[in-house]
Amino acid sequence: MVDDVRLPGTTSPVRVALFITCFNDTMFPQTGRAVVTVLERLGVTVDFPLEQTCCGQMHFNTGYAEETIPLVRRFVRVFADAEVVVSPSASCVGMVRDYYARVAELSGDAGLRREVQTITPRVVELSELLIDRLGVEDVGAYFPRRVTYHPTCHSLRMLHVGDRPLRLLRAVRGIDVVTLPEAEQCCGFGGTFAIKNADTSIAMVSDKIRAILDTGAEVCVSADNSCLMHIGGALSRQRAGVRTMHLAEILAQTKEDSAS
Amino acid sequence: MIDAGTPAFPEAARTALADTQLRHNLGHATRTIRAKRAGVVAEMPDWEELREAGRALKERVLRHLDAHLTQLEGSVTRAGGTVHWARDAEECNRIVGDLIAAHGAAEVVKAKSLTTEETGLNEALAQRGIRAWETDLAQLIIQLSDDAPSHILVPAIHKNREQIRALFARTLEEAPADLSDDPRELAETARRHLRKLFLEARVGISGVNFAVADTGTVSVVESEGNGRMCTTLPEVLISVMGIEKVIPTWEDLEIYLQLLPRSSTAERMNPYTSLWTGVTDGDGPREFHLVLVDNGRTHVLADTIGRQALNCIRCSACLNVCPVYERTGGHAYGSTYPGPIGAILTPMLTGMTGAGSLPYASSLCGACYEVCPVKINIPEVLVHLRHEEVARSTSTRGVRGRIAPEHVAMRAMARVFANRRLYEAAQRAGRLTQWPLVRDGKIRRLPGPLGGWTAARDLPAVPPQSFRDWWRERRP
């Protein structure tokens with residue numbers, strides 16, 4: 001148990017607001033539960049503002065800029081008081097960090113621009129929170145399985161999380177982390193791309209699946225459940241015998257979990 | 001010639017994806033060049049600074065494009081050249097055609113030029129009875145097979161040696177009866193064919209990689225030397241350039257001559273860099289014409305987010321790293337400029353009509369932005385153009401646009417996300433109404449447009465308890 005983890009430059013014990021994302025809230029609640037488990041194990045107090053819904057990424061990236069504005073307003077209002085907002089989705093954090101300023105500009109509302117400017121640096125992805133803010137790599141997890149890590153495009157190229165997730169994984173006891181060939185290639189999800197350009201998307205995920213199977217891993221891990229749903233959907237269709245897990249879910253695992 | 005988006009990208013891609021030869025050729029070629037590029041970029045300690053310099057300079061040039069262009073016109077004219085201004089493709093083709101006709105030439109040799117590909121120059125000249133011979137080896141292959149280029153730098157990347165052997169044997173009289181698919185033999189056949197043309201042609205046509213405003217120097221960067229044949233042997237040289245290709249000073253070449261070869265061919269230095277300033281007595285062409293082409297570029301310039309596309313130095317690094325391009329090839333984009341750069345440049349140059357599917361031909365993975373030597377944020381522009389496309393399709397298609405299923409669904413979801421109660425009700429509704437689709441916790445078949453997902457991928461069923469329900473239960 002780590003009792004007294006503090007954010008650099010602050011004196012109060014750590015308190016974070018969880019932005020679960022609409023997608024995880026609805027489709028992958030176990031990831032949210034895992035985030036709470038890991039953070040509480042580290043002595044962090046987790047808040048979950050129930051008024052939160054969606055960051056607006058799907059609308060923004062599909063071309064619906066107008067529809068994104070109220071969602072950005074909502075986000076900055078819901079998390080206005082949070083010192084740190086953490087999310088287990090690199091993609092949604094990327095939306096906030098890279099595009100909220102643009103949405104605020106489109107809204108023509110100077111107030112929203114200011115609010116976005118204030119909140120953006122406080123929104124972090126899980127591995128960023130753990131490594132940069134809390135300064136931990138070993139979160140006390142145990143997971144005796146062979147896993148391979150797929151760095152999602154937005155974690156890699158929008159957030160530049162680098163090897164943070166891998167450092168967290170390698171510190172897990174019992175784990176066997178194997179390198180994924182051509183890891184930095186997109187899995188072909190891309191939000192509505194997977195539907196609008198289904199054929200191309202499928203061609204991309206086929207190659208990703210082949211790379212995963214080549215590793216002999218039991219589990220494919222990632223920092224985004226959206227990409228994992230895509231990869232996992234293809235693995236499941238092929239009855240490949242490999243499952244997908246969010247990084248947080250592995251970090252939440254302990255000896256007791258694997259015994260049960 | 002730009003014939004954007006016909007058929008739309010998803011349909012064209014479907015055909016391309018089924019072409020196993022294409023997939024094999026492209027997969028091999030792009031993987032090879034990707035690795036080589038990464039190697040020569042990694043050995044540059046100041047690569048990021050160079051990229052930033054390349055971007056910043058282009059941005060500055062674009063901000064004062066008018067001044068740089070008039071300065072270029074003055075410099076070229078003083079050096080003995082003639083500058084022509086072409087508003088669009090038609091005007092460009094007419095100017096070039098008139099110049100050739102004035103010299104009574106029926107055949108011209110051409111160095112590889114994307115701008116003349118964009119304006120459809122060869123077809124326009126053919127209508128006036130002028131035969132334009134492509135002399136870049138890959139471009140010659142494309143011309144002989146009556147095909148379209150599928151890559152900015154390697155137009156025939158989709159063809160393999162055997163396909164080229166068969167083509168040469170069929171179309172070139174210089175081909176020996178026992179022509180093999182040995183690259184040296186193929187190149188030798190093309191060389192014998194081209195050498196004759198170079199020596200006979202009275203007019204040469206080239207594109208332009210960079211034009212230096214303060215000296216009037218024009219530059220073509222290439223690998224084969226055939227471009228230099230076109231720019232030095234004929235009496236008359238006509239160079240066609242997009243107006244964004246101007247750079248202020250000679251020193252500025254330093255930035256781009258480092259960025260371009262490493263990004264495009266993964267070479268430290270390209271084999272042939274030709275630079276010429278007007279005309280020189282007793283050396284090279286006796287007449288030099290520079291045609292400055294707008295053809296939609298000022299329209300791109302007016303777009304504050306999109307104008308960064310004009311930074312492009314046509315290196316094709318974005319194509320080589322693009323996971324979509326690697327699988328579909330260039331033809332699926334239906335435009336002179338394929339790949340990520342084409343997906344943003346084409347709709348802006350030609351207008352969104354007919355090119356509306358191109359900004360969606362990307363998973364927004366960002367690999368293109370990462371390698372772009374002039375830091376064009378392609379994902380940002382793609383998303384920006386998607387906004388324009390949605391605005392266009394809802395405003396121009398009237399009620400039909402507004403009731404299109406995607407628009408209706410997106411608006412409805414926006415309303416749901418804007419209201420916590422509606423959002424939670426939708427979560428419950430999803431759980432309750434999915435049962436006809438769920439088997440063993442998975443959805444294997446979705447109706448309508450969503451069926452694209454389940455064509456090859458399962459979908460997990462919505463689990464019985466949302467995260468927020470768990471949270472509420474845990475902390476009453």
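Helix H9(B) passes helix H10(B) in a left-handed crossing, where left-handed means that the near helix is turned anticlockwise from the far one by less than a right angle, and right-handed that it is turned clockwise. The axes of H9(B) (residues 161-171) and H10(B) (residues 183-200) come within 11 Å and cross at roughly 35°. Axes here are lines fitted to C-alpha atoms, for helices over the stretch in contact, with angles running from 0 to 180 degrees between N-to-C directions. Helices (H or I, at least four residues) and strands (E, at least two) are DSSP runs, numbered from the N terminus. On the H9(B) side, Arg161(B), Ile164(B), Arg165(B) and Phe168(B) meet Pro183(B), Leu186(B) and Thr189(B) of H10(B); contact means C-beta atoms, placed from the backbone, within 7 Å. By class, that contact splits into four nonpolar, one polar and two charged residues. Nonpolar covers Ala, Val, Leu, Ile, Met, Phe, Trp, Tyr, Cys and Pro, charged covers Asp, Glu, Lys and Arg, and the others, Gly among them, count as polar.

All this comes from a predicted model, in which local features need pLDDT of at least 70 and side-chain atom pairs count only at pLDDT 80 or more, while totals for chains, interfaces and linings use all residues. Residues are numbered from 1 along each chain as its sequence is written, and chains are lettered from A and ligands numbered from 1 in the order in which they are written.

Still in chain B, strand S4(B) (residues 203-206) is covered on both faces: Val203(B) and Ile205(B) on one side, and Gly204(B) and Ser206(B) on the other, are all buried. Buried takes 20 or more other C-beta atoms within 10 Å of the residue's own, exposed 12 or fewer, and partly exposed lies in between, with C-beta atoms placed from the backbone. Three bridges join S4(B) to S2(B) (residues 107-110) in parallel, with Val203(B) as the bridge partner of Val108(B). S4(B) also pairs with S7(B) (residues 236-242), again in the parallel sense, over four bridges; there, Gly204(B) stands opposite Leu237(B). Pairing requires at least two DSSP bridges between the strands.

Chain A has an open sheet of four strands in the order S2-S1-S3-S4, with parallel pairing. S2(A) (45-47) and S4(A) (123-125) stand at the edges with a single partner strand each, so one side of each has no neighbour in the sheet. Neighbouring strands are turned by 40° against each other on average, direction ignored. S3(A) (residues 85-87) and S4(A) run parallel and are joined by three bridges, one pair of bridge partners being Val86(A) and Val124(A). H5(A) packs on the sheet against S3 and S4 of chain A, its direction making about 150° with that of S4(A). H7(A) packs on it too, touching S1 (15-18), S3 and S4 of chain A, at about 95° to the direction of S4(A).

Chain A is split into domain 1 (15-133) and domain 2 (146-259), with bounds from an automatic or database domain assignment. Their C-alpha centres lie 22 Å apart, and 27 residues of domain 1 of chain A are in contact with 23 of domain 2. The domain 1 side has 13 nonpolar, 10 polar and four charged residues.

Between chains, 50 residues of chain A are in contact with 49 of chain B. Elements giving two or more residues to the chain A side include H4 (65-78), H11 (198-215) and H12 (225-237) of chain A. That side has 25 nonpolar, 16 polar and nine charged residues.

Definitions and conventions:
Two residues are in contact if their C-beta atoms, placed from the backbone, lie within 7 Å.
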